[in-house]
Amino acid sequence: MTDQRAVTVWRALRQRPLRFLVSAWPWRCWVYLASGALLGYVVLIALVLLVLGGMALSVVGVGLVVLTAAALYGIPVGALERRRLRLVEPVPLDRPHGALPAGGPLSWAAGRLRERATWRELGYTVLFGTVFAAAGFAVVLVLCLAALLMAVPVLAWALAPETVMIIPGEPIRGPLDALLGPALGLIAFALSAYAAGLLAGLQVRAAEFLLAPREDGSSARVIELTRSRARLAHAFEAERRRIERDLHDGAQQQLVALNMTLGMAEMELRERDSPAAELVTRARGEVRAALTQLRDLVRGIHPQVLTDHGLPDAVAEVTLRNPIPVTVDIDLPRRPPEAVETVAYFTVTEALANAVKHSGATAITVAARHERGALRLLITDNGRGGAVPAAGTGLQGLGDRLAILGGRLVVSSPVGGPTQLRAEVPCSA
């Protein structure tokens, strides 16, 4: 079901009916209905031409294309109407369409035709071009009549001594008779204002019903699934941080203390010229190696530079240790959310590791931008190509990790190269 919130213009009309007449609401409604009357007839004529043209051209084989365009015609009309609705409804309507996988025009058209929202928008287009356009035109006519009646005294004075009649067969004979025009004009003005408010509110309701997303049972399940997925991601992040903290403050500190103890034992044994000093020296070397491995493990779980300085500096640190030269081009207006920043960092590190192991590349480029509410990564190498996500190179895991936050991973790796990884994750995740 769509959101049944109170229509703003109806609320203003109901709460203060008299004040409504002297507010900006009548003017906003008149502009909305007048523009809708003009646009509605244009939309209806174009739709009729598309349908008739498709039927006529069906004999030469292109009619199906034209009829498909007619079926999709409601999409741009719906987008325009959602924007025009802001004249009378300050709360914008969301797009009812879902995201489609990358593809050409044919796949886009097929995907949109399978959506119920496309057919609802087409239904609104027909309703808009017939009922609402005619009703809006009638309200505008009443407004024009009100303006004409308000101008009767001026017309009587300007046309004198010609006869001016407000009521057929009853000519205006003096100034008092001329005042009947403005009196009737005020009444027509009030009727036009109230009618405009009612009709604009009715059109808002129709737009909410036909042009806004439907929150039916399936979408509610999707919303709950999205929320549970976000909770899972945050729980995973909290558990990862706990492991990192335990390793850093527990095992790592114990190894450091053990190394210092062995160092003092080594000094004591060397002063006594004991043969056991060599064994202690070897043990210290093994402790240092274990400590180095543990530090690399902690850095792999979550690098401190990512927490302290953000994604650009963390990626720059990774590239310094990479055997293949990497060009970094990261320009972000602000830091993304922590979960988004983390998954972006590990996407880069996994992509670099794959390039080193499998690509044979001599140069890699990492670019990141914030566009349309999402963090977009583009990682390119000039290697031999042929990367297959399902071949166990870690790309499948990257895609799964991005999907947890509502993101996606697109891999382009023709044989001979280059290989491009495009990652996108919403910053609202």
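**View 1. Trp27, Trp30 and Phe189 are joined into a cluster by ring pairs.** In this predicted model, a search of the whole structure finds six aromatic pairs. One of them is formed by Trp30 and Phe189, whose rings lie 5.2 Å apart, centre to centre, with 65 degrees between the planes, an edge-to-face arrangement. This pair links distant parts of the chain, since Trp30 belongs to helix H3 (residues 25-57) and Phe189 to helix H10 (residues 180-211), 159 residues apart. Trp30 is buried, with a relative accessible area of 5%, whereas Phe189, at 24% relative accessibility, counts as partly exposed.

**View 2. Tyr345 and Phe346 form an edge-to-face pair.** The ring centres of Tyr345 and Phe346 are 5.2 Å apart and their planes stand at 80 degrees, which is over 60 degrees, so the pair counts as edge-to-face. Tyr345 is buried at 4% relative accessibility, and Phe346 is buried as well, with a relative accessible area of 12%.

**View 3. Helices H14 and H15 are roughly parallel to each other.** The axes of H14 (residues 311-321) and H15 (residues 338-359) come within 10 Å and cross at roughly 20 degrees, and the crossing of H14 with H15 is right-handed. From H14, Leu311, Ala314, Val315, Val318 and Thr319 meet Glu341, Ala344, Tyr345, Val348, Thr349 and Leu352 of H15. The residues of this contact comprise eight nonpolar, two polar and one charged.

**View 4. Pro312 is found in helix H14.** At 34% relative accessibility, Pro312 counts as partly exposed. Pro312 and Glu341 are separated by 29 residues in sequence and by 9.9 Å in space, C-alpha to C-alpha.

Methods. Residues are numbered from 1 along each chain as its sequence is written. This is a predicted model: local features need pLDDT of at least 70, side-chain atom pairs count only at pLDDT 80 or more; totals for chains, interfaces and linings use all residues. Side-chain values use heavy atoms; hydrogens and water are left out. Axes are lines fitted to C-alpha atoms, for helices over the stretch in contact, and angles run from 0 to 180 degrees between N-to-C directions. Helices (H or I, at least four residues) and strands (E, at least two) are DSSP runs, numbered from the N terminus. Angles under 35 degrees count as roughly parallel, over 145 as roughly antiparallel, 65 to 115 as roughly perpendicular and the rest as oblique. A crossing is left-handed if the near helix is turned anticlockwise from the far one by less than a right angle, and right-handed if clockwise. Contact means heavy atoms within 4.5 Å. Ala, Val, Leu, Ile, Met, Phe, Trp, Tyr, Cys and Pro count as nonpolar, Asp, Glu, Lys and Arg as charged, and the others, Gly among them, as polar. Buried means under 20% relative accessible area, exposed over 50%, partly exposed in between (1.4 Å probe, protein chains only). Rings of Phe, Tyr and Trp (its six-membered ring) pair if their centres lie within 6.5 Å; planes under 30 degrees apart count as stacked, over 60 as edge-to-face and the rest as tilted.
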